[in-house]
Amino acid sequence: MNVNNNNNNVYKNKIKSIKKSIFSFEKENGHENSQPSIEIILRLLKNISKHPNQEKFFKVPMNNKKIKKTLVNMDGAIDILTLIGFEINEEQTYFVLPIDTDIEFIKALYLSIEKSMINWRSRMIKYEKRLKKEKNQQFLNKIKQERKEIEESKAHIQVTNSVANNIQFGARTSTFSDIGVDLNKGGG
């Protein structure tokens, strides 16, 4: 039981260090640029956790187009893989996680990072909703202001010398000339 507690403390400290590196990586590269890299790292951890007996998940080809773009060519991504335990083989063609890697650690790391990402996504969704609500409110305020200005400008307009002013509500009119519009003169 004491050995298990020691492992848990080691896991916690190592996981904390890796997560700190991931957040620094995201801060340095920006969310948009770093997100695909973090998602690939999560997928690697998930595959290893779910298939610990399949060696193919322990070797990641560096020349794979997606791996190259999101891990090999991203500043700091290889450092995160190294912290996790991946090594680059001698030919420098694969990221390799040693087969004797503690799978329980990989599982714990995956779950911890995934939980952090879910919390982060949840905060981002709330933030985006708040921004949208604020933008909608600003838009509504702008429309109200424009309506108010239109109403104020209408108050200054006076209609004079119009036959239409003399027509009573409900009066029967059947032609434009009944309301003073002369179509030959361009309107009245």
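**Figure 1. Accessible surface and overall make-up of the chain in the predicted model.** The accessible surface of this predicted model comes to about 14400 Å², and carbon and sulfur atoms contribute 50% of that area. The chain has 188 residues, of which 25% are buried. Among contacts with a separation of 6 or more, 62% are between residues 24 or more positions apart. Five helices and three strands make up the secondary structure, and their order along the sequence is α-α-β-α-α-β-β-α.

**Figure 2. The open sheet formed by three strands.** The strands are arranged in the order β1-β3-β2, with antiparallel pairing. At the edges are β1 (59-61) and β2 (87-88), each of which pairs on one side only. Strand β3 covers residues 94-96 and runs antiparallel to β1; three bridges connect β1 and β3.

**Figure 3. The largest pocket and its lining.** This pocket has a volume of about 210 Å³. Helix α2 (31-50), strand β1 and helix α3 (65-72) each give at least two residues to the lining. The largest share comes from α2, with four residues. The lining consists of Ile40, Arg43, Leu44, Asn47, Lys56, Phe57, Lys59, Val60, Pro61, Asn64, Lys66 and Ile67. By residue class, six of the lining residues are nonpolar, two are polar and four are charged.

**Figure 4. Lys20 in helix α1.** Helix α1 spans residues 2-29 and contains Lys20. Lys20 counts as exposed because its relative accessibility is 63%, and the cut-off for exposed is over 50%. Ile80 lies 60 residues from Lys20 along the chain, and the C-alpha atoms of the two residues are 9.8 Å apart.

Terms used: Residues numbered from 1 in each chain as written. Predicted model: local features only at pLDDT ≥ 70, side-chain atom pairs only at ≥ 80, totals over all residues. Heavy atoms only, no water. Buried < 20%, exposed > 50% of the residue type's maximum accessible area, 1.4 Å probe, protein only. Contact = heavy atoms within 4.5 Å. Areas by Shrake-Rupley, 256 points an atom, 1.4 Å probe, with all protein chains shown as cover. Pairing = 2+ DSSP bridges. 1 Å grid on protein atoms, 1.4 Å probe; cavity = no way out; pocket = protein on both sides within 12 Å on 5 of 7 lines; lining within 4 Å. Points joined across faces, edges and corners; volume = space filled by probe spheres on them. Nonpolar A, V, L, I, M, F, W, Y, C, P; charged D, E, K, R; others polar.
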